[in-house]
Amino acid sequence: MSLITTLARLEAVDSGRAQPLATVRHRHLTDRPLVLVPLTTAGEAGAPLGALVGTDREAPRLLAVAQPRDRDLRFAFLAELAEAVLPHIEACADVVEPAERNETDPATGKKTKVEVELCLDAAQVIVPSRAGVEFVRLLGRSMRFRRTAEDNPDTPYPAPARVPLLGRWLTHYGERARVPGSSLLLASTDLLNRHWATGQSSLEDQHLGALLSWIDPPAGSSGAEAALRAELARDGEGQLLCPPAGPATDPDFDNRLLAPAIERYDRARTALASAEDGLAADARLGELSAAEREIRSLLARVMLPTWDAVWRGLDLLRQLPEGARAEDRWTRDRWSFTAHRDRVRSGEPPQPRRDDAVTAAQKLASRETAQAQLEAQEALDDPLVLAGRRLAGEAFLGTVSGVEMAYTESKRPSPRPLVTVRTDERPHLGERTKVYRSLDGKPQTAEFVRAEQETDQDGEILLVLRILDRMGRSKEPAPGSVPEPGERIAWTLFEHDQRGGPKLPDPEETPWTHGGPPGADAATRAEQPDPVTPEDLL
Amino acid sequence: MRTGFDPGAEAARATGAILDDTLRGSSRGIVVDSPPGAGKSTLVVRAALELAAAGHPLMVIAQTNAQVDDLVVRLAEKDPELPVGRLHSSDSDPYDKVLDGLANVTKSAKAADLAGLDIVISTAAKWAHVKNVEPWGHAIVDEAYQMRSDALLAVAGLFERALFVGDPGQLDPFSIVGADQWAGLTYDPSASAVSTLLAHNPELPQHRLPVSWRLPASAAPLVSDAFYPYTPFRSGTDHGDRKLSFGVASDGSGPDRVLDEAAESGWGLLELPARHTPRTDPEAVRAVALVVRRLLDRGGVATSERAEDPVPVTADRVAVGTAHRDQAAAVRAALAELGVTGVAVDTANRLQGREFDVTVVLHPLSGRPDATAFHLETGRLCVLASRHRHACVVVCREGVADLLDEHPSTEPVQLGVTVKFPDGWEANHAVLAHLAEHKVRWKP
């Protein structure tokens, strides 16, 4: 945790309210995000219990599984989820703008511009918590390899038609969420924690209700009190007033309300199955649907507070203006969205279970680039974030007190002006450390030459910097490219842009150090499907 | 001298076997584990020269530009006639200016310009951009344990067989984003190059250098036991071969007493009163600076097997090691205030591979309320405790042993990942227990 975050947290404790960590919103929010509040069944990995989903805060769609251990019902739930989510994705996939992309011609090796489609907007999905992101990933993994009757008429227990497709999309969203700064799939708690510091521990910050209590406490109450209430307060039946944001449920809810309701549902089902005549069956069917309705209303009761909390969090975030460079990162999300759309449309198989060596290295490299870029962009977009970097000695603000022209010693001298900057900050500058400033949105590089002592009574020092680039090609620097005396400039010790990494070999050319091409050692380490056990076919 | 163990002969035997495998073996890779100061660079230089002499042109892959330049200079010292290529980046000042004075060295930013030279050296990052060249028959990968698996993936197509040399006890490579998703895969891109290499090629011969020439007899047993419990090594020198002494007698202050203790025993612990502090603990930082100041003021002289006469311990033979960069910056500022210049002050990551007469270390856990995986990392402590030829002084707040007991390692166990042993918790306790015997309490 950086020093400035620690300070903000101390201030939050002191004042009883969350303190801002940012003055702008560092993640793009679309006009119509899809909010998904999933619940899972305790003790049954990957068995969804229910979900609220939709783009209209007034009209969430309630999905529920009355008996989560029943695989038919589970598939019915997933099919319904696909019907709720996929139209949202497909609506975005069809609206495109023309764009250009650099591609390397495989024959000549030359780089050429290719006309491609870029989706005008990508479908954004918001879940309440980080565990929700994890659950999206799990759902994706459990669905994308399913076979439908259309894929293979002989497949036992075929999945409903659109379920594998939803699995592929959710897998893509889960994977994209790992890219720093991406906004395709966001957790509400992560979003809020990026922008506010509370006076509680970072573990407690994962509780959406408590987090919102700190940021926006009810009138007349402190954040700490409201957060404690959100975590602990229960009603007359012993149920939490602010149920967990899921996907896990509160054990008291499971034991006291849900388990008995599911049991009633099971009994009604058994009774219906053993009904001997139509009249009895009718009556028992009524009991069964009553039992199902009860479960649905129980689930709605614990999911609605979370649903409202997610939207409230979005409201709070929308009050912040969007950071200038967040749009740029969202464009990358749109490219990622479009690329997955194209893979699906061209009939490529679902994402493999594990990345091969080259893909894994590529993903790691691009995420590291994204992380460095995100840190730089946030600091450039937001004075408060920059203040944190200044406090850590990674940036400084200074007033130009003098400019002295100097030139390189070569046949064609280029300008290398020496700029003296007055500052009361103490950046970690070493000899020839590079520093950068933003000039018309592009970084200009300078190097640290020396510190002119002495520290005066205001604690200010003079730093001499040599400007290295962006001054044009002629002997005299282009107008406006050299700082003027009196100008107040933010310099950073970190680069503003990231260079792309080296090109890795194609997967078919994976070298011997990394096991050779995928499938080369198939004979020895082929992935066998799990053997069929009696439990698989009940 | 000790009987039954002749360090020179042991080391020569190990080196001989490695060179034999390299020149005449049939396996595609050879891995050499080298403890701190065991002559890794000497081995790399020698293997490169012998391969070149045998008519095998080769490429050398190091991790940093400083390492590359150092190797080029060492090669030129051994054989000033041998044509060596230094492949460098296209940034400004891509290499050390010393290289301009070496007649045998060709420098270029393009690999094609260096084709045909006996030895071409560059960093892994630069090699990764080299494309469309005829692969080399041989390569030497230096500091292979500090190289990431994905970096090896990018360059492995450039050579047919390679000698991988490195120190398994030092800091593992790291990634600035989470890589848990690939943990347990044989080719986890965030793992070290050697672990990927051995996971896919378990039959490769593995060698070990058995003698540390840097660490004194006082330090080798501790570093060997604490960080290399299954691959022990010895020091090349014996007790009494090296001596550190001062021209000026102690003034009885804490820094002077801890310097005397360190000169006598090789280790010194300057313990400040227990306290939770910010990372740049002003008292501890000042104590570190004072120890350095007194070391230089008191006219330290080092006697060793390297020279007949005692050699003064000057600022360039002293280093300060910290865990974090802001701590290093704070120590630099404190030293500047005391008028000390020329002392290397850096983090463990940047001190890797370097050697000094005396080191002063700010303990990574000093003053902390918690012990995170970063601060417990075995390699960090190992680097800090194994840079010195004569003595190491550790500055630390009281209470680290209790802190360790309150924070057992809680990292999740990942399936398929080889458990590193010893863990940082264990190694930290071992080092602390040893340092406790050389403790000087001091209240600044």
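**View 1. Strands β7 and β8 of chain A pair in the parallel sense.** In this predicted model, strand β7 (residues 125-127) of chain A is joined to β8(A) over three bridges, where a strand is a DSSP run of E with at least two residues, a helix is a run of H or I with at least four, and both are numbered from the N terminus. Two strands are said to pair if DSSP finds at least two bridges between them. One of the residues to look for is A:Val125, whose bridge partner in β8(A) is A:Leu185. Strands of a sheet pair through backbone hydrogen bonds, either parallel or antiparallel.

**View 2. An open sheet of five strands in chain A has mixed pairing.** The strands follow the order β4-β3-β2-β7-β8 (chain A). Because β4 (61-64) and β8 (185-187) of chain A each have a single partner strand, they stand at the edges, and one side of each is left without a neighbour in the sheet. From one strand to the next, the twist averages 20°, with axes taken as lines fitted to C-alpha atoms, for helices over the stretch in contact, and angles running from 0 to 180 degrees between N-to-C directions.

**View 3. Chain B touches chain A.** Here 25 residues of chain B are in contact with 24 residues of chain A, two residues being in contact if their C-beta atoms, placed from the backbone, lie within 7 Å. On the side of chain B that touches chain A, α5 (149-155), α6 (193-200) and α10 (325-337) of chain B each supply at least two residues, and α5(B) gives the most, with four residues.

**View 4. Domain 1 and domain 2 of chain A are in contact.** The assignment, which is automatic or from a database, gives domain 1 (21-217 + 313-353), domain 2 (379-492) and domain 3 (507-536) in chain A. The C-alpha centres of domain 1 and domain 2 of chain A lie 43 Å apart, while eight residues of domain 1 of chain A are in contact with six residues of domain 2 of chain A.

**Notes.** Residues are numbered from 1 along each chain as its sequence is written, and chains are lettered from A and ligands numbered from 1 in the order in which they are written. In this predicted model, local features need pLDDT of at least 70 and side-chain atom pairs count only at pLDDT 80 or more, whereas totals for chains, interfaces and linings use all residues.
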